[in-house]
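Q: Could you take a close look at one strand with me, and at what sits around it?

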Amino acid sequence: MTSGPLRTEVLIVGAGPGGCAAALSLARQNVPAILVDKATFPRDKTCGDALSGKVMRALDRLAPGVGQGLRTDTRQLPSWGVTFTAPGGRSLRVPFSRETGMGAAPGAIMPRLQFDALLVDEVRKAPGITLREGITLSTFERTPSGWLAMSADNGTRIEARLIIAADGANSRFAKHVAGLPMEPRHHCAGVRAYFHGVQGLDPLGFIELIFLRELLPGYLWIFPLPGGRANVGLGLRSDVAARRKADLKALLRDLIATHPSLKDRFAHARMEGTIQGMGLPLASKRRALSGPGYLLVGDAGHLIDPFTGEGISHAMISGMHAGDVAAEALVRGTGPPAAADLADYDGRVWRRLGKELAISARLQQLANMPWLFDLVVDRATRNPVLADTISSMFNDLDLRARLRSPAFYARLLFGRSAPTARPD
């Protein structure tokens, strides 16, 4: 005889950073939830592994112990900035902080195998949260009381008033229930591999974004890790990759073996394992993140930064908001929340991330103009004020927005004085 369904207030699908952030947010507000993931942790996740300052701040808010422990964890490498290499070959080091090397680093680099496991371990301790691993939920049906989610693998059935879909770039819920299609113009294809012995890794953990002409509007990245390891990969917008009929795995192998700026650095490097692929749904187009009885979090909501490819922080930020909005909506009644009850989630996420993502979408477009990219980097390497402006844009959206202004480029082109950085 088949047992009855599990019952809960909130079903969270996906136990990555977004799903864990939603679960921890709900636990703080005493809202019971079941968190389901198709994998059994620890599990690997194909990613660049960079944890920005936004990730660290989200950790400090949600799980201070995890954040404090991560900063001293030997499996992570503190990261103090990013190095942009323009198509012409000139590089610009952009520190995340003016106090580089002092105190705790603003960011870190840690393999997802370890980072996600830390979050899941914190969720295991959270009151009111039930974690179910190794379950793939394949069917979602609306019911008078909310949702019935079912697994074709083992017969698991879960009833919930509300669903938070945080099941990543290939979210079944987002595609088949919320109706978010994969649009190649707003999607990136990426590959990555781990290497040991790459030369020239930055001692301060600066991540490298290398904009090669062969990859524009995409780029190749090199992110250092402890023990002389590095996460190396590349990403290219899916419509461009299809038009070029690009084999990204072959392209990565070819570039590190033959490109003049890379071949010496990889001459004695050893690849660990194989090259893994991933899909990145980009936030270069704004989409609805909520509907009747559901909220979309992180990659499932297509919230990846279209310029930098950052997704972990956006997953955690949207996950926190999803937990807050879900808790507020559930106390207003006993039935499943209507779309209007959850619409504030979209507003909160877009108020927090919308301006930043709009700027990144514009920067992605500018990456198609290598001459302009070369010009900005060339001027910045010789102009400390301009370099400081670009550095500040990572922490100050008003300064970052200058890159959208035609006047900014006019000053670069015609040699007028560079914009000055606003005092803190």
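A: Happy to. Strand β2 (residues 33-37) is largely enclosed by the rest of the structure, because five of its five residues are buried; buried means under 20% relative accessible area, exposed over 50% and partly exposed in between, with a 1.4 Å probe and protein chains only. Strands here are DSSP runs of E with at least two residues, helices are runs of H or I with at least four, and both are numbered from the N terminus. This is a predicted model, where local features need pLDDT of at least 70, side-chain atom pairs count only at pLDDT 80 or more, and totals for chains, interfaces and linings use all residues. Residues are numbered from 1 along each chain as its sequence is written, and side-chain values use heavy atoms, with hydrogens and water left out.

In a regular strand the side chains alternate between the two faces of the sheet. In β2, A33, L35 and D37 point one way, I34 and V36 point the other way, and all are buried.

Now for the neighbours. Strands pair if DSSP finds at least two bridges between them. Strand β1 (residues 6-13) runs parallel to β2, joined to it by four bridges, and V36 of β2 is the bridge partner of V13. Between β1 and β2 the chain passes through helix α1 (residues 17-28), and this β-α-β crossover is right-handed: with the strands pointing away from the viewer, the path from the first strand over the helix to the second runs clockwise. Strand β8 (residues 129-133) is also parallel to β2, with five bridges joining them; there, T130 stands opposite I34.
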